[in-house]
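Welcome! Please have a look at the structure first.

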Amino acid sequence: MEACRQDRLILRELATRYMEIASDSIQQARMLRYRQSNAMQKVKPIVLIDEVPWGEMDLDGSLTLACTDPDCRHIERWLRRKLFQWRYFQADHVFLPYYPVRRRITGNDIGLDIQEQTLDTAPSGAGIISHHYLDQLADESALEAIGRPQVTVDMAATLTEMDKIDGLIGDILPPRIEGESVYCAIWDLIPRYHGVENSLMDLYDRPEFIHAMMGRFTDFYQELYRQYEQLNLFEAQPLTLHCTPALTFDLPGPDFDGQRVCRHNVWARGMAQIFSSVSPAMHEEFDLQYLRRIFEPFGLVYYGCCEPLDGKIDLLRSFKNLRKISITAWANVQAAAEKMGGDFVLSYKPNPAFVATTVFDPQPVLAQIRTMLKSCRQNGTQCEIILKDISTVCGRPQNLIDWEKAIMQLVEEEGYY
């Protein structure tokens, strides 16, 4: 009983500090900039930092958990990380005045369990390790294992979680159920079930087999999102979509009644990272033609991740509702901005290797970002800067803190059109 009381006191103190931050007027100002940026208005680029190696970050002890109850520790971890980020590298992050709760959803997986050998460990806490995937989709008969979604929501379990959080901190930081976002990365999944080399070789050796596989995955996701819509599971106004700003003036749209969220009210995001070395023709044949079928009902589309897309901008224009394109540090940002012009938001992904060093040197980082900013100014391209996939900071949290300080200063000085 004493331990439960102590857990509650810890959470309430952290929640009070968090709510003070979330109530600051800067949060509303930042949300407006998110919307302006996604409307391709010429505003100062938004800078966000995500996918942090938290296992390396506790430079002052404030990330150390003190609660004993597992559920309380989960809440405590979330609060401590938010407070740490606000203090040390907040960039343009928005801190919302509620504690997010996800619905307990089942029946939304593809029906296969990943079979793999992990070849490394991840002491950084980033969750990034080496994998060797075993082939479960060797031939067309194996494709029968790809199931059909049968989405169900355990609202009893969801509300039980809500009630527990409410009893702990609800009068300070109320819990809120957040809906689902659309993150459709078929070509992140296929290598996990079929193997990386197999997937790439079969594009050439067995194209009919890959088309059959893509057909099965496409059918699955079309049905999955139809069921999400039917069950009203989408989030109407997500703050972010996989690390990037998602708020926009366009969505959820004028027909939104505040209750039912349809596909045309929300974003969809796709990518094909394994296609970095695949030709535009093969990219269209084995990825884009299928994603267009999945994404056609959605309001806006954001495409790309770490794969260089500077040579495929014209190809991506085939998405009628495309709004944002990811441009990695390994792409030609000048060529990308020239082809994008003022038609899309350029979501720039700087190289995270610059913070994975024993001594952080800001100069190559600043040079990289200056080139991007200049390219976007010259072509009237709205941009954002998203540092993610940070597998390690080499045990030096200060690297990330210094990165944020350097980039925020650069954007303040040179990030205007």
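## A helix with a bend

The bend at a residue is the angle between axes fitted to the seven residues ending there and the seven starting there. Helices (H or I, at least four residues) and strands (E, at least two) are DSSP runs, numbered from the N terminus. With that in hand, α8 bends by about 40° at Asp-287. Helix α8 covers residues 280–295 and spans only 19 Å between its end C-alpha atoms, while a straight helix of 16 residues would span 22 Å at 1.5 Å a residue. That expected span is 1.5 Å times one less than the number of residues.

Several residues of α8 are buried, including Phe-286, Asp-287 and Leu-288. Buried means under 20% relative accessible area, exposed over 50%, and partly exposed in between (1.4 Å probe, protein chains only).

## About the model

This is a predicted model, in which local features need pLDDT of at least 70 and side-chain atom pairs count only at pLDDT 80 or more, while totals for chains, interfaces and linings use all residues. Residues are numbered from 1 along each chain as its sequence is written, and side-chain values use heavy atoms, with hydrogens and water left out.

## Salt bridges

A salt bridge is a side-chain nitrogen of Lys or Arg within 4 Å of a carboxyl oxygen of Asp or Glu. The whole structure holds 25 salt bridges. One of them joins Glu-13 and Arg-17 (3.3 Å, N to O), both in helix α1 and four residues apart.

Glu-229 and Arg-263 also meet in a salt bridge (3.1 Å, N to O). Glu-229 lies in helix α7 and Arg-263 in the loop between β10 and β11, so the pair ties together parts 34 residues apart in sequence. Arg-263 is buried, at 17% relative accessible area.
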